[in-house]
There are 2 protein chains.
Amino acid sequence: MDPHLLRTFVAVLDHRSFSGAAASLGYTQSAVSQHIAALEADLGSRLVERRPVAPTPAGARLLEHAPALLLRLDAARADIARLHQARPTHLTLAASPAALGPTVARALAELRATAHALDVEVRVLGREAVLSDVVGGRADLGFVDGAAAPSDPLPMPDLGPTTTLAAAEETLAVLFPLGHPLAGRRTVRLTDLAQAQWIDAPDTAVPLDRLRTVCRTDGFRPWIRHRGTDLHGLAALAAAGHGLAALPLPVAAALPGIAAVPVSEPRLVHRIELVHPVNPTAPARQLADLIGGRAGSRA
Amino acid sequence: MDPHLLRTFVAVLDHRSFSGAAASLGYTQSAVSQHIAALEADLGSRLVERRPVAPTPAGARLLEHAPALLLRLDAARADIARLHQARPTHLTLAASPAALGPTVARALAELRATAHALDVEVRVLGREAVLSDVVGGRADLGFVDGAAAPSDPLPMPDLGPTTTLAAAEETLAVLFPLGHPLAGRRTVRLTDLAQAQWIDAPDTAVPLDRLRTVCRTDGFRPWIRHRGTDLHGLAALAAAGHGLAALPLPVAAALPGIAAVPVSEPRLVHRIELVHPVNPTAPARQLADLIGGRAGSRA
DNA sequence: ATACCTTACGTGGACCGTAAGTATC
DNA sequence: GATACTTACGGTCCACGTAAGGTAT
């Protein structure tokens, strides 16, 4: 179970092709074939079905472990790298789009007021990409958003040694096109909207499966899919009536062409969590302290 | 970062010796030296201080990742192995000593009444060993005990894909020697005992650092150390006045030579959690269902 | 017929053991 | 000076690329 073999295993199933995986990893098809054969021999099970390429049951099990293993391997390397290349004038943030609201912006402004000559970079990414950037050392600090019951934590995948901190709780809102019958309402009940047409925008809005979980329903079925992390594109879709989406009120209220209506039932908040490694860089720690001092922390 | 290198890295720091690690792994000292050198070259940091052998700061970071990585590697292998060697008439349980109380015993008896010819093996181990046996496929089901606030989960290290279930909540008790001034009390307050002499028996009783956490104090200092998983040995130490220990009341009450006094403050329970892989064997699933049906489950 | 994966084979490098070297107690 | 880790060196095995061989669409 060499990590290289696991990496090509994951790549093969990502690309659904041996040759595609080979190209993306800089191997020949032959090498990829040999990697998969070696893994299958080692584990004593066929892992990949060929033609078409798909995981067998055993392969599916391995797929539950392999990405986490590779991520953690990167995390270990990044943790050690951070020890001798701490650049105190650089700060790289990774954030999901809806996490970049007034709370984070204000704290960042406050930090820059005290620390001049701070070189800040912000990367807007999907949720898993934010976490993998933080864990892999490509970002000093991450902000991830989601919906949850008040003061409940967001569910986080296994991250290894990191620190998580509640950064903000905001009102959750639903985006309606301006002419929509509910667009004028002061509040809406999310459960009433379970059967509506929704935009499946897992990296920008609150993911639909998350809405299903917190509302304990199997509604919120996707009507149109939105990939990427573009809030205005999402707003344009919503404005044109392609479906509904859930966002934090402070972010939603600033979007053009739509009406943002707060959610009253069930009692939910839009929550932003800050994630940083256990040995953060100096500016990352300062920003975390600024936000933590305001919002209260948890392990 | 080959897993073999990580394994010898962990072994070297466990043994605090290159030659010791070599002996335990079946390598020569030379190979171990080369492994560490390869790791250090790969990560660009000295990881191990020699003479005496100890982790450098970078090595300490790696030590936070390496055991979890190796455990998860075993878990992946075990998950796949379980797919084609499910033996429906065997059931191997792993449990920490204080988890093997009446709740588990009764459920097991109930299972054996319905499933005849079931070949049961019980392994009593320390907490981490229980988890690593379950995750590594050496046990079908694990029971881990600990102290927590009522209906709070026990803190679990990263286990990868497993299912955890609250198996029982019992009264927490403190063991006193029979002549002790507090031995006759109906209840005691744990916070009053923070400065007492305690037995440090992390694999048998509730670990002292756990008591410190739930009581939010830095008391509960170890007075004598107890290694292994022997409840009667622990009771003998307590009976002879070598220190106090915390155990679940149903278990403590059955021990000879000591007085078991329930804890009234802070509000704590002794909790037992059941851990099993996501694809359990048939008997393991039956036992988990028996216990889950009685105690209520959680993700 | 043609992608696409597998197998055969040769070379270069990685890994381990033996043995000599070096540093620390 | 003894113990314990490091370095040098050689043999073996493994992993990759090239190229030929299957196989299913």
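This is a predicted model: local features need pLDDT of at least 70, side-chain atom pairs count only at pLDDT 80 or more; totals for chains, interfaces and linings use all residues.
Residues are numbered from 1 along each chain as its sequence is written, chains are lettered from A and ligands numbered from 1 in the order in which they are written, and side-chain values use heavy atoms, with hydrogens and water left out.

**View 1. The contact between chain A and chain B.** Chain A and chain B each give 30 residues to the contact, where contact means heavy atoms within 4.5 Å. Between them the two chains bury about 2700 Å², with 65% of this on carbon and sulfur atoms; buried area is the accessible area (1.4 Å probe) that two parts lose on being put together, summed over both. Of the area that chain A buries against chain B, 24% is supplied by Arg61(A), His65(A) and Ile80(A), more than by any other three residues.

View 2. Two salt bridges are counted between chain A and chain B, a salt bridge being a side-chain nitrogen of Lys or Arg within 4 Å of a carboxyl oxygen of Asp or Glu. Arg77(B) forms a salt bridge with Asp42(A), and their closest N and O atoms are 2.6 Å apart. On the side of chain A that touches chain B, helix 4 of chain A gives the largest share, 17 residues, where helices are DSSP runs (H or I, at least four residues) numbered from the N terminus.

**View 3. The protein surface around DNA strand C.** DNA strand C is surrounded by 16 residues, and the closest are Ser19(A), Ser33(A), Arg50(A), His35(B) and Arg51(B); a residue is near a strand if one of its heavy atoms lies within 4 Å of it. Sugar and phosphate make up 59% of the atoms of DNA strand C that come within 4 Å of the protein. Helix 3 of chain B provides the largest share of the surface near DNA strand C, namely four residues.

View 4. A polar side-chain atom of Arg51(A) lies 2.9 Å from a base oxygen of DNA strand C.

Methods
Helices (H or I, at least four residues) and strands (E, at least two) are DSSP runs, numbered from the N terminus. A polar contact is a pair of N or O atoms within 3.5 Å; within protein, one must be able to donate a hydrogen and the other to accept it, and residues adjacent in sequence count only if both atoms are side-chain atoms.
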